[in-house]
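Subject: A structure to look at, with notes

Dear colleague,

Please find below the structure that I am handing over to you, with its sequence.

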Amino acid sequence: ASERRVLAMAAYAGSVLARLLPLVFAPLVIRRFKARHLALAGAIVVAGYLPYAGARGAMFMGLGTYAENWEYNSVVFPAARAALEPVVPVETLRSAVTRFQAALGDPQWCRPLARWVYPAPLARGLLAIALLAGMLVISLDVLEIERELLFATGLLLILSPTVHPWYVLWIVPL
């Protein structure tokens, strides 16, 4: 906001290292900074994760479990899941995924696809796509970064499957 781009990107990278939530705001950040600033942020994040490189995917297992299973106090998610429940042909989709995996020789990367045939994961995926689209629209329509972050945070809170009461405090600084 005060044209200290290098410091801003270092702070953004530090916030990503502390908690992955700021990655949600990446569409807002990317538009405002030059490639060298984004490269700096990427280098800081990579340097922060290097000591944990041996953990590989296990480092994010808790985040995956949280994203897949937790649901609390949501505004839109229950309605999206309820709307999908009567129309999603789970057995047909599960059969299609099984055939697809078999046709490819059952590669390891295909195994998570079976989780996406149920209404709850599909609702999460659709809301994630809506969040990304909304972030892009906000990024293109709102000029002031403070208002941009306020609108983006509001959208995140509305579309998130889990909204603990303290999450609403994210709006206070904005």
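This is a predicted model: local features need pLDDT of at least 70, side-chain atom pairs count only at pLDDT 80 or more; totals for chains, interfaces and linings use all residues.

Tyr-66 counts as partly exposed, because its relative accessibility is 28%, and Trp-70 is likewise partly exposed, at 44%.

Residues are numbered from 1 along each chain as its sequence is written, and side-chain values use heavy atoms, with hydrogens and water left out.

**Aromatic rings**

A pair of aromatic rings is described by the distance of the centres and the angle of the planes. Rings of Phe, Tyr and Trp (its six-membered ring) pair if their centres lie within 6.5 Å, and the pair is called stacked if the planes are under 30 degrees apart, edge-to-face if over 60, and tilted for the rest. Counted by this rule, there are five aromatic pairs. The rings of Tyr-66 and Trp-70 have centres 5.5 Å apart and planes at 35°, so this pair is tilted. Elsewhere, Trp-166, Tyr-167 and Trp-170 form one aromatic cluster.

Tyr-66 and Trp-70 are also touched by His-164, which has Tyr-72 as a further partner when residues up to four places away in sequence are not counted; contact here means heavy atoms within 4.5 Å. His-164 belongs to the segment after H8 and is buried, because its relative accessible area is 11%.

A ring can also have a charge over it, which requires NZ of Lys or CZ of Arg within 6 Å of the ring centre and within 35 degrees of the ring normal. The charged end of Arg-5 sits in this way over the ring of Phe-33, at 5.1 Å from its centre.

**Helices and cores**

The chain has eight helices and zero strands, where helices (H or I, at least four residues) and strands (E, at least two) are DSSP runs numbered from the N terminus. Of the 174 residues in the chain, 29% are buried.

Helix H5 covers residues 77-84, and Phe-77, Ala-80 and Leu-84 are buried in it. They cover an arc of only 65° around the axis, so they lie on the same side of H5; the arc is that of the directions from the helix axis to the C-beta atoms. An α-helix has 3.6 residues a turn, so residues three or four places apart point the same way. The buried residues of H5 pack against helix H7 (119-141).

A nonpolar core is a set of buried Ala, Val, Leu, Ile, Met, Phe, Trp, Tyr and Cys residues joined through side-chain atoms within 4.5 Å. The largest such core has 19 residues, and those with the most contacts inside it are Leu-131, Ile-138 and Ala-152. The elements giving two or more residues to this core are H5, H6, H7 and H8, and its largest share, five residues, comes from H7. If neighbours within four places in sequence are left aside, Leu-131 is in contact with Val-24, Leu-155, Leu-156 and Leu-159. Apart from this core lies another, of nine residues, among them Tyr-12, Ala-13, Ala-41 and Val-45.

Pro-86, in the loop between H5 and helix H6 (90-103), is exposed, because its relative accessible area is 67%. Ser-160, in the segment after helix H8 (145-159), is buried, because its relative accessible area is 17%. The side chain of Ser-160 reaches the backbone oxygen of Thr-162 at 2.8 Å.

Most residues other than glycine have a negative phi, and most peptide bonds are trans. Where is phi positive in a residue other than glycine? Arg-56 is one of these places, with a phi near 50°; Arg-56 lies in the loop between helix H3 (35-49) and helix H4 (61-69) and is exposed, at 68% relative accessibility. Asp-106 also has a positive phi, of about 50°, although it is not a glycine; Asp-106 is in the loop between H6 and H7 and is partly exposed, because its relative accessible area is 36%.

With best wishes

Key: Buried means under 20% relative accessible area, exposed over 50%, partly exposed in between (1.4 Å probe, protein chains only). A polar contact is a pair of N or O atoms within 3.5 Å; within protein, one must be able to donate a hydrogen and the other to accept it, and residues adjacent in sequence count only if both atoms are side-chain atoms.
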